[in-house]
Amino acid sequence: MGGICGKLGFDHLTFQPSFIEDFFRHFPGSGHFPIHQTSLGSAIIGAQASSGYISGISQKTHYNHTFLLGFYGTIYNPQATLPGEKPNQNIIDRLLNALEQNGMPFLNRLKGDFVLTFWDGREQSLFLAVDHTRIHPLYYQASSTGLAFSSFLPALLKQSLDTSYPINPQAVMAMVSLSVIPTPETIFQNIAKLPPAHFLAYKNGKAIVAPYWNMEFSPSHSASSRTLQHETRELFSLAISSRLQTSSQANHIGAFLSGGIDSSTIVGTMAQQLSPIPVKSFSMGFDVEGFNELTYARITAKAYQAEHFEYYVTSDDVFTALPYLIKNYDEPFGNASAIPTYFCAKLAKEHGVDVLFAGDGGDELFAGNDRYATQRIFDYYFLLPKFARKTFLEGLFCSSAKNIQFNLFQKIIKYIRRANIPYPDRLLSWGVKDYTDKHEFWNPLFIEKVGETFSILDYFRSHYEEARTTSELNRQLYIDIKTTLSDNDIPKVVSMTKAANIAVRFPFLDPSLMEFAAKIPANLKMKRLQLRSFFKDTYRDFLPPEVLKKTKHGFGLPITFWLRENKNLHDLMNDVLGSQRFQQRGLITPKGLKNVLENHKTDNTSLYGTIIWNLLILEMWLELHDQ
């Protein structure tokens, strides 16, 4: 795992020449690539590459001002934005020149997956920045005495830049409820993570965080559907080709293949561009009913003559790999599908692949998640006349709810009540978040630490309000781009591919494609309740018919079932959650934990299993890092 790290200030601490080496020593699997480092006054920075990504440090003096750049990642349009002043000039030197001339606004012109730090001698300021969707994370600690930063959060802890790192109770509550910790929060109170498409400017003991780009919805109603479809295919093809050009040899490139729309489109487009060399595709299966969809992956692989590989993940695999994978989590991360993602990447590495293409982002750009259709069903309620809704349904109908216990009747009542929850709160008015919002679940003393006024919904409300659109669908897409994608899906894939020593490319997250997707009218992206209707029409003559008709699945994991049925996982669950150390944290009440464990024994949904898994990961991560 490569990245950047460093500090500015903290003059009360003594820094030895080995400071950067010690920093990277705490990055998982960082011993295979050389470390670049330099110092300037009270600043010291380091950069290290990893498989599929470059790194380096560039320094120059211009008109008595020193400029310094530390970089890690990949740039996909260097010819367009970084013209070389000399033949074969180093790309990091060219990037330093561009930042000197244009400052942080230049980042909007870059297409890439990167983290960087830039010292501007004119302003005596240190800048940190991440790419448009933050493929690689960047954590920082800023105070009046200094700024410290790292691509891997635990590495900051090992450098003792502060006297203590108290646990962030709001982040704990969010992680148990959402499986992830939302940006800019981290598991520690005095450390934050930089949001996507943002930079941080640090000067004279003050840190300012600001965006250099944002997703803006500006529907193009004048262009025909056919014109929009043609341009979508062109941009997507270009996103694939530009990423292929920066990857290794064609026979060392592969793709995740779930058999869904996104991964199938990627494999098919790669097959066109790599021909006659076949694409290597990789899929996961599970010996649990409802979780195995290898049939569709095989259909896609056959359609595009891919060299296809499969692996069945077992519950024993999960138990064996779990401690190793937790070491690769920057912070507690509860999305259980990270495990099949790791085994898929591991399978690819075993077959000579260095770079994997992933389909993340397609759902958020082109309306592919089931919850978008669910919300539209609730929206349909308001098409009824107001008199009928208020007088009959919400008046007479709901007033009889306690007296009539018919299943269908109760479902109608739930529908009416949930439909009346205003946006954006309605988006999280179910499942784990709804269950863990109860006071009988959380310990009262822990709630006091969190703060009575704190609400997990605030993370989503802020994104809902800032979305520049009048469409409810686009607002939901915007929220998911900012949360589901950046805090969940991307970290999952990146951390697990790095754990397997593989680089990953996300063609759907090409900035030009994202900006164009925002121009497609919402009524085209999703016609009535038809998810991805525009994207499916765009590739209807390209994708196998079976794939076009299938419902969304992905690399899900039957963790709820396995926590019950696998003895090792079941014992681990009881040992960790029953430990004195976990109980002394005082997070949830004994009654709350007992109810979750008891209900999990018989409940067929993923509700209680998800809560248990999140608590298990949280406690194991905290123990690993001596918290």
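Q: What makes two strands a pair in this predicted model?
A: Two strands pair if DSSP finds at least two bridges between them.

Q: Why are strands S7 and S11 called paired?
A: Strand S7 (residues 125-130) and S11 share four bridges, and the definition asks for at least two, so they count as a pair. The sense of the pairing is antiparallel. Leu128 has Leu200 of S11 as its bridge partner.

Q: How do you know that S11 also pairs with strand S12?
A: Six bridges join S11 to S12 (residues 206-211), again in the antiparallel sense; the cut-off is at least two, so this is a pair. In S12, Ala210 is the bridge partner of Phe199. The hairpin of S11 and S12 has two residues between the strands, and Asn204 takes a positive phi near 50° there.

Q: What makes S11 a mostly covered strand?
A: Strand S11 spans residues 198-203, and five of its six residues are buried. Buried here stands for under 20% relative accessible area.

Q: Why is helix H12 called roughly perpendicular to helix H14?
A: Helix H12 (residues 370-380) and helix H14 (residues 407-419) pack at an angle of about 90°. Angles of 65 to 115 degrees count as roughly perpendicular, so the term applies to H12 and H14. Their axes are 9 Å apart.

Q: Which residues make the contact of H12 with H14, and of what kinds are they?
A: H12 contributes Thr374, Gln375, Ile377, Phe378 and Tyr380, while H14 contributes Tyr415, Arg418 and Ala419. They divide into five nonpolar, two polar and one charged.

Q: Why is the ring pair of Phe236 and Phe508 called tilted?
A: The structure holds 28 aromatic pairs. In the pair of Phe236 and Phe508, the ring centres are 4.7 Å apart, within the 6.5 Å limit, and the planes stand at 45°. Stacked needs under 30 degrees and edge-to-face over 60, so this pair is tilted. Phe236 lies in helix H6 and Phe508 in the loop between strand S17 and helix H19, so the pair ties together parts 272 residues apart in sequence. Both Phe236 and Phe508 are buried.

Q: What makes the pair of Tyr381 and Phe382 edge-to-face?
A: Their planes are 80° apart, which is over 60, and the centres are 5.3 Å apart, so the pair is edge-to-face.

Q: How do you know whether Tyr381 and Phe382 are buried or partly exposed?
A: Tyr381 has a relative accessible area of 2%, under the 20% cut-off, so Tyr381 is buried. Phe382 stands at 36%, between 20% and 50%, so Phe382 counts as partly exposed.

How values were computed. Residues are numbered from 1 along each chain as its sequence is written. This is a predicted model: local features need pLDDT of at least 70, side-chain atom pairs count only at pLDDT 80 or more; totals for chains, interfaces and linings use all residues. Side-chain values use heavy atoms; hydrogens and water are left out. Axes are lines fitted to C-alpha atoms, for helices over the stretch in contact, and angles run from 0 to 180 degrees between N-to-C directions. Angles under 35 degrees count as roughly parallel, over 145 as roughly antiparallel, 65 to 115 as roughly perpendicular and the rest as oblique. Contact means heavy atoms within 4.5 Å. Ala, Val, Leu, Ile, Met, Phe, Trp, Tyr, Cys and Pro count as nonpolar, Asp, Glu, Lys and Arg as charged, and the others, Gly among them, as polar. Buried means under 20% relative accessible area, exposed over 50%, partly exposed in between (1.4 Å probe, protein chains only). Rings of Phe, Tyr and Trp (its six-membered ring) pair if their centres lie within 6.5 Å; planes under 30 degrees apart count as stacked, over 60 as edge-to-face and the rest as tilted.
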